[in-house]
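User: I'm new to protein structures and would like to learn how to read one. Could you walk me through it, a feature at a time?

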Amino acid sequence: MRKLVKKYNSEELVSFYNHYVQGYALKNLGVQPCIHILDCTKIPVNLSNTNYENSSVVTIDGETMRGYKPGVLRGITDDSGVAEEIIFGTLKTHDMELCREMLKNTPCFHENDILINDRGFLSREMTNYLKTERKVDTYIPARENMDIFKDAVSLAVSSGKWQKHPNKKRKDQEIQLVKSLGPLWASDTPEKDVPVNACVVHDKKTDKFFVFMTTDTTKTARQIIQIYEFIWTAPRNRRRLPPDERFLEIKWFQKYKI
């Protein structure tokens, strides 16, 4: 196996995987995911070993490490998932820069698909591009220092129209929909910015707020938070859920997917 792998460089191996999954596996299985999760993962290696080709050394939260960073686009298929596309880089590369070309060109996206991201992929330009060019709606949390976060919280507090959090495990939290927040998250060409709504989450126990944005302006607060919470349960964690909860979750997405 080692001799076989050594015949190819990392780019060739990743390209082979992507080509096989997209060109053969998904097609032959008749699978076309409509919900995608993009994530970057750190792969640490021996810090003192300089023989790891193309690895980089970074310091994160006071810890120095050597390693790599893969970006993985995961597609959700019923009660499981598939790594639809992979890109490989070093730890020094920013998440968005690592995955930018993949987001623009991946054949895995189709009109009306959903893409769930974390804060590492906050980019107004990319959010605009995905909505207008790829016809894909983005779900992503805002940072506390962003204007859209501050104004969304302020508007929610002043309105006071809170609802119960749909997740029964979050009984101390309440949610509220805030509309038409697009101008508060402006790009260099604000006239091209797509509309953005948000679900504001208030933790009554800690008095902390969270803001989850989306470019799908048809969704309710309940739908927004349920879709984003999918990032924590599927596919890597969803096997821990009881079968009845997995079934209900699948049916929920079938019901609300446009």
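## Reading the fold, step by step

Analyst: Let's jump in with a charged pair: Asp193 and Arg124 form a salt bridge, with their closest N and O atoms 3.9 Å apart. Asp193 sits in the loop between S9 and S10 and Arg124 in helix H4, so this pair ties together parts that are 69 residues apart in sequence. Both Asp193 and Arg124 are buried. Keep in mind that this is a predicted model.

User: What's the general idea behind a pair like that, and how many salt bridges does the structure hold?

Analyst: The idea is that side chains of opposite charge can pair when their charged atoms come close. The structure holds 6 salt bridges. One of them joins Asp95 to Lys69, with the closest N and O atoms 2.8 Å apart. Asp95 belongs to helix H3 and Lys69 to strand S4 (residues 63-77), so parts 26 residues apart in sequence are tied together. Asp95 and Lys69 are both buried.

User: And Arg170 with Glu229: are these two residues buried or exposed?

Analyst: Arg170 is partly exposed, with a relative accessible area of 28%, while Glu229 is buried at 12%. Their side chains meet in a salt bridge at 2.6 Å, N to O. Arg170 is in the loop between strand S8 (163-164) and S9, and Glu229 is in helix H6 (residues 221-229), so to speak two distant parts of the chain, 59 residues apart.

User: Can we zoom out? How many helices and strands are there, and what share of the residues is buried?

Analyst: The protein has 7 helices and 11 strands. Of its 258 residues, 46% are buried. For contacts between residues at least 6 apart in sequence, 60% join residues at least 24 apart.

User: How do I read the inside? Which residues touch the most other members of the largest nonpolar core?

Analyst: Here's the general picture: in soluble globular proteins, nonpolar side chains tend to be buried together. In this model the largest nonpolar core has 33 residues, and Leu38, Leu115, Met146, Ile148, Val200, Val211 and Met213 touch the most other members. Two or more residues each come from strand S1 (35-40), helix H3 (95-105), helix H4 (124-132), helix H5 (147-159), strand S10 (197-203) and strand S11 (208-214). There's also a second, separate core of 17 residues, which includes Ile35, Ala221, Ile224 and Phe230.

User: Which residues does Met213 touch?

Analyst: Leaving out residues up to four places away in sequence, the partners of Met213 include Leu122, Tyr139, Ile140, Met146, Ile148, Trp185 and Val196.

User: Helix H4 keeps coming up. Which of its residues are buried, and what covers them?

Analyst: Arg124, Met126, Thr127, Asn128 and Leu130 are buried in H4. Their cover includes H3, strand S6 (114-116) and strand S7 (137-141). Ser123 is in the loop between S6 and H4. Ser123 is buried too, at 10% relative accessible area. The side chain of Ser123 reaches the backbone nitrogen of Met126 at 3.1 Å. Setting aside residues up to four places away in sequence, Ser123 touches Met96 and Trp185. Ser123 and Met96 are 27 residues apart along the chain, and their C-alpha atoms are separated by 7.9 Å.

User: How about a strand residue, like Val178? Which residues does Val178 touch?

Analyst: Val178 lies in strand S9 (residues 173-178). Val178 counts as buried because its relative accessibility is 6%, and buried means under 20%. Not counting residues up to four places away in sequence, Val178 touches Ala152, Leu155, Ala156, Asn197, Ala198 and Val200.

User: One last thing: what is the phi of Asn54, and of Asp207?

Analyst: Asn54 has a positive phi of about 65° although it is not a glycine. Asn54 lies in the loop between strand S2 (43-45) and strand S3 (56-60) and is exposed, at 53% relative accessible area. Asp207 has a positive phi of about 60°, and it is not a glycine either. Asp207 is in the loop between S10 and S11 and is exposed at 51%.

Definitions and conventions:
Residues are numbered from 1 along each chain as its sequence is written. This is a predicted model: local features need pLDDT of at least 70, side-chain atom pairs count only at pLDDT 80 or more; totals for chains, interfaces and linings use all residues. Side-chain values use heavy atoms; hydrogens and water are left out. A nonpolar core is a set of buried Ala, Val, Leu, Ile, Met, Phe, Trp, Tyr and Cys residues joined through side-chain atoms within 4.5 Å. Buried means under 20% relative accessible area, exposed over 50%, partly exposed in between (1.4 Å probe, protein chains only). Helices (H or I, at least four residues) and strands (E, at least two) are DSSP runs, numbered from the N terminus. Contact means heavy atoms within 4.5 Å. A polar contact is a pair of N or O atoms within 3.5 Å; within protein, one must be able to donate a hydrogen and the other to accept it, and residues adjacent in sequence count only if both atoms are side-chain atoms. A salt bridge is a side-chain nitrogen of Lys or Arg within 4 Å of a carboxyl oxygen of Asp or Glu.
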